[in-house]
Structures are given as structure tokens and as C-alpha cells.
Amino acid sequence: MTATPASRVPPAPEVLRAPLTVEFPFTRSLGPVQSAFLTGLRERTVLGVRTTGGRVLVPPVEYDPENAEELRELVEVGTAGTVTTWAWNPEPRRGQPLATPFAWVLVRLDGADTALLHALDAPGPDAVRTGMRVRVRWAAERAGAITDIACFERCEDRGQREPTPATSGTERRAAAEPRLHSGEFDDPVTGIVAPARLDYTYTPGRAQTRFINALAERRTTGERCPSCRKVYVPPRGACPTCGIATSEQVEVGPRGTVTTFCIVNIKAKNLDIDVPYVYAHIALDGAGLALHGRIGGIPYDQVRMGLRVEPVWTEDGRHPDHYRPTGEPDADYDTYKELL
Amino acid sequence: MRDVAIVAFSQTDHVRGSEEISEVEMLMPVLHDVLGRTGLRTGDIGFTCSGSSDYLAGRAFSFTMALDGVGAWPPIAESHVETDGAWALYEAWVELLTGEADTALVYAWGKSSPGSVRDVLTRQLDPYYLAPLWPDSVALAALQAQALVDAGETDEPALAAIAARSRTDAADNPHAQLRGARAQGDYVVRPLRTGDCPPVGDGAAAVVLAAGDRARELCDRPAWIRGMDHRIEPHSLGVRDLTDSPSTRLAAEGAGAFERPVDTAELHAPFTSQEVVLRKALRLGGSVRINASGGALAANPVMAAGLIRIGEAAAAVHRGASDRALAHATSGPCLQQNLVAVLEGEPHAR
């Protein structure tokens, strides 16, 4: 049993939660082989790369996965192929190639020795089997990306006889002998942007929840380490010095001392603050370390170490908007030098 | 080379959601417990290494926050791997082998509940050919499972039996998330059913390593690391034979796993079908006790599940239930990366 006085350990607060979306455009440049492959897709041409051992890799890579040799010999392969394995996806997820139930497939295109991952449009799992013949369905609008292949479709869906390696025609030629291809196209694609979006539900944990709840009452709270007695603001639930949990709540401030500062001369995107402005470390009275905040209500070039400040709350602000001078005499250096 | 052993292991109870606590709040009890088992304090530890992924929490540099739970003052020697903690253990093992430290603390955690782990894991795929299609982790495992079925290596009843054995064994594991038998359920991505897939959950684990006599001081029966190796295969699934795992076999050879039989194996197989591949690659016969803990099918905190396999194997040696145990960890789609460790107890110890 721990013997912490109950009055000092508030009950576990109700969990705070908020949506958190992480979105980024993943911009990648392409090397010569990937550039040729993705440009080829835009032109409805599938290229592979031949290894020194004579295998044809589709999709192509720039270095042999077996021996790391540089690969540059491009060949054109067929746009039809054989399913080497598959998996039926009854509930498509956001971003996947088809919105209706489909099969994930690995397809070995005619003339290739390796398989390409994509989606297969099919009415149901009973219509899919390993070894079946499928062909590329091109996207109506193509930009030089793997999604230029909209999906694969079953050869029989077009009422055509399944082309097999014995069938004649262009696919037959590709199957028997992948043709050398220069990899050169007009207006080659040299890069891709792969947008990513992940959705989370952010929950801050016990310590930060208590801190945020107190801020809603315009109080700033920290937590004291039971071992070193330091008061952490904002608290994260652990003393990083001692590696143990903090739980004793301590109200700090509202006034504090500027321990150090910098002058910001570059306007941040979407930030409605005129530059230059001052960003400072502020040791709130009673806190064991400084938090940071903006200093206002004083010209930027008059901010100084030791300046006494207090928080300024805006009408609907959920944290102090900035800190302003209190008018008190500056703090003596010895009172905050340990908090620098 | 000097001998290095795992001398303590601790893990959280693994749960579907831990929204009331932050990562460091989840981690701290485990760190205290594992240190408490050895009597060591943070300041006594020579090297600290952790494994985790920012993509699970959706926040950059999340491991620096978790580090608050360690106590990093006075300054410590610390490192982090952005993958399963089993690889952090490998780094710590090398550190101890080279004599840079005598003890090491290794920990790992995964809090999957804030996001959708199936979607999150698509971001570890090649960004040119795979990631734009958003093939989720279950889909990729299902492609491998179908390849195994087509090859005659398994079938749905056999996969269901692996699921049942794992969850039944997990009934004795108080930390497991899924304990006891459960229905196989519907297809998630055919041929994999709910029962073939790991639970999504949050959890953490930690081990302490020590070298030579230090290990004997800290533990009655240290789990000596006789060998450890890790290998990788091409990222592209279409280049690999999905029914086999040559990287696991090679890692096992490098770790000395085939020199003498093992009696216990902890395999990091989040999907039932992956156990089929690993058993074959590791040449595990019927006499080997596999995943007595329930394995990743009973609790799969992403980034910690591999370290837990090594910890469970070590714990079996600690308590005398195993004399020679194999532990395996994986990362990446369809067993792309594999790590194998061989652990032994001293024959004359208690």
C-alpha cells in the first residue's frame, strides 16, 4: 500500500479525448528504373527490369534483390498475367483500389518472373483462384503512379478466351520474349506524391488531463516528484530525473520570472502575431522548471532575464495567450539561476 | 567474447485500450518491476535501449517522452530503435559483448488504440508500388496464408487449431489480452478469420541484461544468450516465396539454434499462418513446446510483441521450465525481417 494522503491525490479524471489527424504528402523522387516504370503505366505500357541472371522483375527495382547489382535493362512485359496468390477482401478500407469487395492478388505478368501486388475486380471469392488469368484495367486518367492500374480484371469478363502463354497476339509476344525497351517516353515522370492520412483519437493520460482541466479554471498546476521534490510544469506523470511517477498536485504561479528568452523574427504559418516577438522560458512561482510562453505588453527589445511576468487570458482561451510584465522589480539572478 | 544473460523480464497486462494513461504512465510500472526483480536502480544500468514507433501514437519523437520513465539524470547511455524491442535487445547484447557496459535495460511499448493499426502499418510499405494501394496488414498476411493453402502446407482447420491452442494456452498467462478459447469468427480477409488474427492492443515490456558474474549475482538462473542473429528478405512480396522464410532459417543458423534441440520456442507469429512458416523454417518438431504464453495471437502490442517472445523464453529458463529455448521476433509484412535468439540455463543451477 502506498501511504500518500488521499486529499493530495485527486481522483482519476475523466479521460479527455480529441481527434488527431496526421496528414502528409510524401514527395519522392524516382530513379531511372522507377521513373520508366511509372511513366510507362501512364502510357499503358508495363516495364520490367532484367537481372544479370536473366530474371525479369516486375515491378522493377534498381538493384537486384539477390546480389545488389545495379539493374538498368528494361523490357516490356504483357498486360495480362497469372494470379500466384490471392485474398478476398470483403470490406475495402479507405484508400484501397476498389470501394466494392475485391480480391488482393499477386499477379505474374506474362514475361515476368516476379509478381505485382494489386486488386482484382471480381464478383466474389468463388470467382477467384490461384492460376487464373487476369489482365490490367487501366485507370481512365493516368498520371504516372501505381494507381494508373485501376485494378486487374478477369480475362473472361470481357467475353474473351483466356489468353494463355500459347495464345498469339501482343500478349503472347511479351510472354515468350519480353522485348527490350528504351524506357524513354516524352515528358517522363520523375517524382511521385503519395498522400498519406492517418486518423487517431488523442488521449493525454492522467497527468496532462489534470493539467488541462486546471487550465480550464485558469489555474496552472504542476506535479511534485516524491523523491527529488521538484515540481514539473506541465506534468507528464513522471519525474525524468528520478524515473518515478509524480502525482502530488501543486498549484504554481500565476506570476513568474523570465529565465531566458529569444526574439522571433520569422512569422510562422497561420500564426497571427506580428514579428518580432519574444518567446521566453518562464519559471512560474513554485515551479521546479520553466515552461515557455510568449511575452507581450512590452517592446521586444526591453524583455530581459529576471523580468517578472503574469499570464494574460483571452476570453475563450484554454491556456494563457501570453505573459506580460507585472511591474514588480526584476527577480534576483540567484533566485532563478537553477531553473535556467 | 563474454557471456551475456537475460536476468529479468516484466510486462504489462495487455489491453484493448489504455486511453486513461499516457505512454510513460503505461511504461513506468514495468520499468520499476523489472528493475525491482534485480535490485538494480536506474543509475546502476550501463546501457538503456528501447523500441517503439511514432506511427502508432501519431506523434513525433514519442520515445523521448517515454524516456521520462527511465530517469535520465545524471546522464545515461541511451539508444532507441524504431522497430520491435527485440532489435533493441540485440543492440544492447552487442553493447554488453563488446564490454561497453555490464548491464542493460531494454524496453518496448506499443499503444495501438489511438489509431487503426491495420492502416498505420501500411505506411511501412514501399512508397512507390505498395503504400498508394493501402494494403493492410491482414490483407498481406492473407495472401501468404492462401499461398500456404495452395502449396498444401496448411488448411483452414489446421490454422484454427493453431488459434485454439494459442488462446487455450494463454488462459494461464495473466498478462494476455485474449485468454481462453474463442470462436474463429468470420473472414477478415479470406482465408484469414478473426481467430487467425492477433488482437489489437496496448502494452509494454522490459528486460534486464547482464554480463558474466554480474548476471549470476542478479539472477538465480540466468537465461544465457547463446546466440542471436537477424536477417531480412526483399521487401517486395512478389519476389519472395511466401511459403518459406529463408531469413528465419539463416538467423537460426547464425544463432546456433540447430546445433542442439530446443525444448521451448516462443515464436512471433501474429497470424496463425505465420506459425506454419516459422515451424518449417526452424525445423521445430512435435516435442517442442511452442508459445506456451499464447504468443502474439493472445497479445500483440506492436513493437513490444517480439521482445515479449524473448522475455517469455527467458522467463521459462529462469523458472526452470526450459533448459534451451528459442525466441523469434519479426517485423515488416509477411515475416520480412526475422530475429532468432537461443537462450540456455546452466545445467547445474537450481
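## Exercises on a two-chain predicted model

Three salt bridges (a side-chain nitrogen of Lys or Arg within 4 Å of a carboxyl oxygen of Asp or Glu) link chain A and chain B. This is a predicted model, where local features need pLDDT of at least 70, side-chain atom pairs count only at pLDDT 80 or more, and totals for chains, interfaces and linings use all residues. Residues are numbered from 1 along each chain as its sequence is written, chains are lettered from A in the order in which they are written, and side-chain values use heavy atoms, without hydrogens and water.

**Exercise 1.** Find which residues pair in salt bridges between chain A and chain B.

*Solution.* Start with R17(A). Its partner is E19(B), with the closest N and O atoms 2.7 Å apart. Next, take D119(B). Its partner is R93(A), at 3.0 Å between the closest N and O atoms. Now place this second pair. D119(B) sits in helix 5 (residues 117-120) of chain B, and R93(A) in the loop between strand 5 (80-89) and strand 6 (102-109) of chain A. Helices (H or I, at least four residues) and strands (E, at least two) are DSSP runs, numbered from the N terminus.

**Exercise 2.** State how much area chain A and chain B bury between them.

*Solution.* Take the accessible area (1.4 Å probe) that two parts lose on being put together, summed over both. Then count contacts (heavy atoms within 4.5 Å): 64 residues of chain A touch 53 residues of chain B.

**Exercise 3.** Classify the packing of helix 7 and helix 10 of chain B.

*Solution.* First, get the geometry. Helix 7 (residues 156-170) and helix 10 (residues 272-281) of chain B pack at about 95°, with axes 8 Å apart. Axes are lines fitted to C-alpha atoms over the stretch in contact, and angles run from 0 to 180 degrees between N-to-C directions. Second, apply the classes: under 35 degrees is roughly parallel, over 145 roughly antiparallel, 65 to 115 roughly perpendicular, the rest oblique. Helix 7 and helix 10 of chain B are therefore roughly perpendicular.

**Exercise 4.** Do likewise for helix 4 and helix 11 of chain B.

*Solution.* Helix 4 (residues 85-97) and helix 11 (residues 305-318) of chain B pack at about 60°, with axes 6 Å apart. The two helices of chain B are therefore oblique to each other. G85(B), A86(B) and L89(B) in helix 4 meet G306(B), L307(B) and I310(B) in helix 11.
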